[in-house]
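Try each task before you read its solution.

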Amino acid sequence: MNPSQIYRRLAELPAFTSVSFASKHHIVIESSIRDHVNNTKRSFLQEASFSKDSSPVWLSCPNERPESIVARLVSASGTKVAILKEINGTPKKRFVEVWKGDQAELIMETTSRHGSFYGDATFSSLCFSPEENALLYTAEANPPEEDPKDPFKKFKFEQSYGETFIDRRRPTLFWLQWDSSRDALYRSKPAAKLLKVNAKISKTRKLGAFSHELEDPPVFALGQAVFASLTGRSVLATAYLRSSGDRKLGIVYCTNRASIIVRMTLPNLPTPRPEEGEETKANNGEKGKKSEEAVDIECHTVFSDYPARSPRVWFPRESDEVSNPVALWVSSAKEPHGSCSRLHAMALPAADELQSSWEGGDSEAQDQASTPPESTIVVDSVWDPSQSVEEGGFPGLYINQLPPNPFLFIRGKLYTVCVTSWGCYADIVAVPVKFNESNEPLKEQIIRLSRPGGRRATTVVNCNGRLSMAAISSDLTEPNDVFATDIGDSGLTDLSWQQVTTISHRVRNLTFELIKKIIDVKHRYPTQTIYLGIEDADRPLITMPHGGPHTVTPLSFSAPLVALVLCGYNVSLPNYTGSLGYGQRWVEALLGKIGSLDVEDVMASAKELVKRGMAKEGPGMQLYMGGSHGGFLGAHVVGQYPSFFSAAVLRNPVINIASMISTTDIPDWTDVECGRQYDPGALLTPESYSNLYALSPVQYVDKVQTPVLLNIGDVDQRVPPSQGKEYYHLLKARGMGDKAEMLWFPENSHALDKVEAERVSWEAAYAWFQRFGTKTV
């Protein structure tokens, strides 16, 4: 196979994206596959059944999921499926569907009611009520109606939520109820009612540790709504607050966004009935179509001490010894953009307590209910582990979002399960959630679970709320597979994972000889690098640090990297100071030192491999590849160490922090990473420009000798394409000639993750390294 064929073979392997439970031993698996013929990613669904013992697993053939499906959810009972569907056309049509087996319980067109559905983890709220006769979901609200008296209204500036959310401006919660009785299934048009939730916060606790000034009174958008009572009236949600100056900061990849957990009580409306016609418009005193389509609801603050997100609720069964539902959520530090998380828990009112607390029928009861039960930190942020992570020291939780269902209930005990970074590892941990007589959570020991198939990087874990758990795991040389387990009486300390899929078997003939190691970089704790390759120091070494900078490179399978190794290169993946998974101390240690401390760590990792005889210095032997902050580091190293690397490939790099501050969707990043306090109303003065410039790689452009290839996405909101263009023109103006080139990818954002862009940028990087590095076979 030639290099392009090797890349395609690996890149076209299925990437499993989610796994959910239809019953105790039956799961639904979703995957994404790159189609290089049609330059698109295609989604597939499979079903699988596993058992408590070692019986063979049944796995269905993949069925393609139609592009029209934006989101899909299996109900807790496993008997119903909710689907949010958008059908292309003029105009685009939208439908909410609820299926019970092969029978449609509800199909409602919502085209005129709102814009696009939200299916992402940040805003999506697709959730069944406990009785499975209502849904919550998030969609784009319709734009304001045109006003003939105001000809400029339609041109009014309206912000998006930045990177990957460029078309997201008005996320809005919708509440759908329908008649799910047996008789309703046989009606030609089941009765249903769809209400837009107009939420407001008139009374808030004092907002806690946010990094900058916010709009006052609060301006916010709701997402991640979940039902919080068996009646289906209480709801918890995440409220994303707007910054001062009417600014929506970019939200994706940023766990520090100003957000709070809120509670609301939905009105007690009767079950929709058929053929009510105009009568429904006056229901509960509402008159006319407009009042029928929306409901005004007051939100009460549940938690606002730190940036919080990802509320989840567990409901006990009647046979369980516990009676209170349990709510969980996670919070993070106010800065930087990635940090050690906290896990919070709160006992919710039991069914017989609702009328006297959260769901009281009068305004006085609601005011009394505005102060919720106290929540407690179950797992706190860890500043510095008591021992190194390699020795088993717990570095804290690093969670973007909790799993859709993070709960296990074993022998009368409730556990929360999630994936967290533990140094270079991405492991599954379980946290006991116990309450004392006052319903206050008790802190318990973290349990590090056995790795599915022995693989050291789990990306997804999900549970059924009882005894079953499923995970998606990979390793450096083993592509992702799905695993499942029935915990039964064995408990969490003796898990027996069953492998459901066998994708890794397809490439073992290619990867079985590859060496994978974790290398500690001496005298630079906690810096480590992951080494992947062949034990041959005569092979060129590609150094590839992660972006962020507050993320981490795990021990997971990467088709582009494995393809480079199979094409003759060894790869080093440094986790430098500032990486997640080592303790909050080491996250914050980088602030104000970007461009120096992280650069020194990266260079030390390359030299460490040379000292160990795993790589060599010299022409063609050291190469560089990195994107985002990894591109920022690349521009630094080729300027600060102009003779060390023979070629560099940079994706959407940060080049000039001072010029990026007014064009990025996260201007606070430019301040926080440079050791400054972000102020939405601050001006860029000559002094502050000088401070930002002093940490930017553009200052070294006169020293650059290394051939540089730039890969730029033209709709990147995070690191605007002007950064790459600025660097390209500066290099060309300094006589770099054909040693400075730039590829421009239309309609690609920060990740350059469209199929054609991924393939072309890999092939271009390989060709660049072949041209300017040591030739490989």
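A cavity is a set of grid points where a 1.4 Å probe fits but cannot get out, and its lining residues have an atom within 4 Å of a point. Keep in mind that this model is predicted.

**Exercise 1. Find the residues that line the largest cavity, and sort them by class.**

Step 1. Begin with the count: there are two cavities of 30 Å³ or more.
Step 2. Turn to the largest cavity, which holds about 110 Å³ of space.
Step 3. Its lining consists of Y161, H212, Y240, L241, R242, S243, R247, K248, L249, I251, R257 and A258.
Step 4. Sorted by class, this lining has six nonpolar, two polar and four charged residues.

**Exercise 2. Describe the second largest pocket and its lining.**

Step 1. The volume of this pocket is about 1400 Å³.
Step 2. Its lining has 39 residues, with A141, N142, P144, R170 and K196 nearest the centre.
Step 3. At least two lining residues come from each of β12 (171-178), β13 (192-200), β14 (220-227) and α2 (288-293).
Step 4. The classes are 16 nonpolar, five polar and 18 charged.

**Exercise 3. Work out how helices α1 and α13 are packed.**

Step 1. Helix α1 (residues 3-11) meets helix α13 (residues 755-772) at about 140°, and their axes are 11 Å apart.
Step 2. Angles over 145 degrees would count as roughly antiparallel; α1 and α13 are therefore oblique to each other.
Step 3. Their crossing is right-handed.
Step 4. P3, S4, Y7 and R8 of α1 make the contact with E758, R759, W762, E763 and Y766 of α13.
Step 5. This contact of α1 with α13 comprises four nonpolar, one polar and four charged residues.

Note on methods:
Residues numbered from 1 in each chain as written. Predicted model: local features only at pLDDT ≥ 70, side-chain atom pairs only at ≥ 80, totals over all residues. Heavy atoms only, no water. Axes fitted to C-alpha atoms, helices over the stretch in contact; angles between N-to-C directions. Helix = DSSP H or I, 4+ residues; strand = E, 2+ residues; numbered from the N terminus. Parallel < 35°, antiparallel > 145°, perpendicular 65-115°, else oblique. Left-handed = near helix turned anticlockwise from the far one by under 90°. Contact = heavy atoms within 4.5 Å. Nonpolar A, V, L, I, M, F, W, Y, C, P; charged D, E, K, R; others polar. 1 Å grid on protein atoms, 1.4 Å probe; cavity = no way out; pocket = protein on both sides within 12 Å on 5 of 7 lines; lining within 4 Å. Points joined across faces, edges and corners; volume = space filled by probe spheres on them.
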